[in-house]
Structures are given as structure tokens and as C-alpha cells.
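Hi,

Here is the structure I promised to pass on.

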Amino acid sequence: MDCLIRNAAAVMTGRTGADARAPGPDIRIRGTRIAAMGRLSPEPGERMLDATDCVVYPGWINTHHHLFQSLLKGIPAGIDLPLLPWLSAVPVAYRRFVGEETLRLAATIGIAELLLSGCTTVADHHYAYWPDMGFDGSAVLFEVAERFGVRFVLMRGGATRVREIDVDPPPEARPETLDGMLASIAADVARFHQSDGDAMRRVVMAPTTPTWSVHPHELPQFAAAARRLGIRMHSHLSETADYVHFCRDVHGCTPLEFVARHDWVGPDVFFAHLVHMDPAEVQLMAETRTGMAHCPQSNCRLGSGIAPAPALARLGGRVSLGVDGAASNEAADMIAETHMAWLVHRARDGAAVTTVEEVIAWGTAGGATVLGLDRVGTLAPGMAADLMVYSLDHPRYAGLHDPAIAPVVGGGQAQVRWGFCNGRLVVEDGRIPGLDLGRLAAEARAAVAKMVM
């Protein structure tokens, strides 16, 4: 689409410091790219969008999600549990409900929620794979993402071993073999992976947890396979204090030291959570350019703690934001995640430690960096046209002296007036074209009714 967005009250670029705000007030889109920014005059044939009293942000980049959990929100058996028992009570116990149609429905719910919050790139850590599963989960996820028009990164998870604490797991939680898992990931790369910096489809090597889901001797083989295929690597790490104690007791080192010994650090690696790291680990993260997918809402919901994201950022490390699964978040949208990120670090570390501009950068440019998408994540001429125009008509924003920061500091559900991904209009007036939200909610209620235990 060729269009001119005019008269925005503010334009946030995704950068920090003096470059965090563009002078605006106009942005021209030509095809899939931002063609110009500044004070622009209309040109023949372009659609005019009046953004008066609106603010423009880059599309959010969500670097850690579990879309299949979109139908597992607020399960009573797990609502008050910390991570380890919660894993057994919710994701493992409910794996038997992950079929082709429930996965399609869950992905539709999750991507719709993300898109309506302004997210244009979704990196999903999908680990619901098992031998002879009978349907193509990877294809289902890419299909749903393509229908919405968002960029999709399949972080292909899975396990080659079962955790000892999971007693009698369902057949859908059976482990794969190493060879089978590697062959499946290679096949997904051949079918779906695009290597360019504005790719709509990516595949990432992502065994579910390096300490419990695979055998230690397999980790270097996963790493070697990923680098041979030219893809990135991802997993969970150091989410709880129990994780740190386990590594020290069993392996005699910290979790980050453990993965470093097995070739799992570097600019092509990023981990979710990293809540419990000592200063030496933070320094190692920065030195090796290993990335963080920071998930503050899920970490708070499970009582896990608060990751040292500002400390890593101050050292020049790579920080991004992820919503994690809705089963440990209950609402998975990027506005809520950025609002929480802004608040929790100020509460713990002091009001001046984390600025709104820094949080926006984590959720946009930071995500592009850890995913290796160098043509998305910031607003500038030549970059992909992934952007959101937020309306500030809600009473929540009335009286706000600096409209540029409104979506993050106001929290709640910000209204997207227009949303673009790769130049395609994907949200208009708070609605996703072609999506019946009433029908989607009814389908979700029917699916949940079949799962109630």
C-alpha cells in the first residue's frame, strides 16, 4: 500500500537517546518500505491517513511466546503455583488437548491479541511435538501467521528426555529422539526459513530447556546443527532459583556457565527469562552478545523474580521483550508487557533506572537484534513498514503532557487506529480485517468446556 500518515502527535523510532523520537509529523509508505519521514507533502495516488492526536510506534517484536497455551488461561490447579509444580499441573497435564484444530484456534487467539496490541513479529517457542503426532504443527502455525499478515518466527522446541518430576505424562508429552528432532527441524528450515533481514518466516533451534529437556551431551550437537543450517538458537534459562540450585548441585556451575561449556552462547543465541543471574553471568552475556527475552509479567505471575535486564542493557547487552505463554500470563499483549517492564525495574532499582524510551527499544529494536532481523524494529527511511498508529482518544490519556509515552505509561489496551506489517494494513480502527471476534470467543469457550478437568 502507498500511503501518507500525516500530522502524528509523536513518532517513536525504537532507538534510544537523542534518536528515540523522530521530528515527524509525517511518514510515507511505499510498498513494503518506509519511503520518507518528516514534514511531507501529499503525492498523487497515495492514501491519506490523518494521525492527528495519535502516536506512531514501530511494530512490537515479541521474542518469546507459547501460542498453544492461549486456551490454558487461569487454570485453577495452577493459578497459585510457582514454576516447577505449575509446569506439571498445566502445560504438561494439558498437552493431551493439543491437536491440530485446538492449536489452530489457540494460535488465532494469541496472534489476534498480540496484533491488537501493536505486535507485528511473533517468535513462538512451540515445543508440543512428539513421535507420530499425526499433524504438522509447524505448518499450522505458519498458516495462521500468514493469514494475519504478521512476521512469524518458529522457535522449534521439543525434548529428548522426560523430566523426573512429571509422573505419568500424557502420550503427547513423549520425547523425540535426537536424530528425529534434528531431522524435523532441518525439514522446517527447508520449507519455511527465510534468511533476509526483513524475513516474514524464520525457524530457530529451540530445545525446551537445556538442563532438563535434553541430555547434556546432545547440546553441542544441537548447536552444531543450528550453525550448519544458518539459524539461531533459543531456550529457557535461569527462570527460578531452583534452576540455579540444580545446575550448581548437578553440574557444579551456574546455568550460563553450563550452556557456555556446551557451545550455547554467542550472538546467534538468546534465552528466555534469565531471572537469576549473578553479576559475572550478566557480564558474560554482554561479552558474548548472547540475548535475553525478558518476560516480566510471567515472571511476576509465577513468583519467579525480576530479571536484571537494565544491568545487561547498561553493559551493551542485547535485551528484548516476550509475553511468554498465556497460561502463565493470562493476557499476552505487548502493551501490558512494556507497561510492566517499565514499572517493575523502577520499583526494584529506582525511578531513574529504566526509561520509557529504553523499554520501547527493548520491545522493538532489541527484538529485531536478537532475531537477526536488521530491516525491522526501527522507523527510518528504507526500513520495513512495520508500524502502529495509536489513538489517544481514551480517557486514560486525557491530561497526559507527553503523548509520545502514552501507550507504555498508560497501560491497558491501547487502541490501534492503523497497523501495518511489511506495508500491509493489518489493523484498522481497532479491528483485524476478516476476523470475527465474537465467533472466536465462542469457539474458545467451546474448546475450554471440553478441557475442564
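Just past helix α6, G252 adopts a positive phi of about 70°. (Helices here are DSSP runs of H or I with at least four residues, strands are runs of E with at least two, and both are numbered from the N terminus.) Before going further: this is a predicted model, where local features need pLDDT of at least 70, side-chain atom pairs count only at pLDDT 80 or more, and totals for chains, interfaces and linings use all residues. Residues are numbered from 1 along each chain as its sequence is written, and side-chain values use heavy atoms, with hydrogens and water left out.

Back to α6, which spans residues 241-251. Its buried residues are Y243, V244 and C247, where buried means under 20% relative accessible area, exposed means over 50%, and partly exposed is in between (1.4 Å probe, protein chains only). On the face turned away from the buried side you'll find the exposed residues D249 and V250.

Now the sheet. It is an open one of 6 strands, in the order β3-β2-β7-β16-β17-β18, with mixed pairing. Two strands count as paired if DSSP finds at least two bridges between them. β3 (21-22) and β18 (424-428) are the edge strands with a single partner each, so one side of each has no neighbour in the sheet.

How many of the residues of β16 are buried? The count is 5 of its 5. L387, V389 and S391 point one way, while M388 and Y390 point the other way, and all are buried. In a regular strand, side chains alternate between the two faces of the sheet.

Y390 turns up again in the largest nonpolar core, which has 116 residues. The residues with the most contacts inside that core are W60, M205, W264, M292 and Y390. Helix α2 (residues 100-117) gives the largest share of this core, 10 residues. Apart from it lies another core of 19 residues, including I5, V11, V56 and W418. (A nonpolar core is a set of buried Ala, Val, Leu, Ile, Met, Phe, Trp, Tyr and Cys residues joined through side-chain atoms within 4.5 Å.)

T354 is in the loop between α11 (334-349) and α12 (356-371), and its relative accessible area is 1%, so it is buried. Not counting residues up to four places away in sequence, T354 touches P310, W342, H345, R346, V359 and W362. S298, in helix α9 (residues 296-301), is buried at 0% relative accessibility. Leaving aside neighbours within four places in sequence, S298 is in contact with D324 and S328.

Last, the charges. The structure holds 23 salt bridges, each being a side-chain nitrogen of Lys or Arg within 4 Å of a carboxyl oxygen of Asp or Glu. A few to look up:

- R104 and E143: the closest N and O atoms are 3.0 Å apart. The pair links distant parts of the chain, with R104 in α2 and E143 in helix α3 (residues 137-148), 39 residues apart. R104 is buried at 17% relative accessibility, whereas E143 is partly exposed at 36%.
- R417 and D393: 3.3 Å, N to O. R417 is in β17 and D393 in the loop between β16 and α13 (406-410), so the pair ties together parts that are 24 residues apart in sequence. R417 counts as buried at 18%, and D393 as exposed at 59%.
- E443 and R439: 3.2 Å, N to O. Both lie in helix α14 (residues 437-451), 4 residues apart, about one turn of the helix.
- R28, R30, E43 and E46: these are linked in a network of salt bridges.

Cheers

Methods. Contact means heavy atoms within 4.5 Å.
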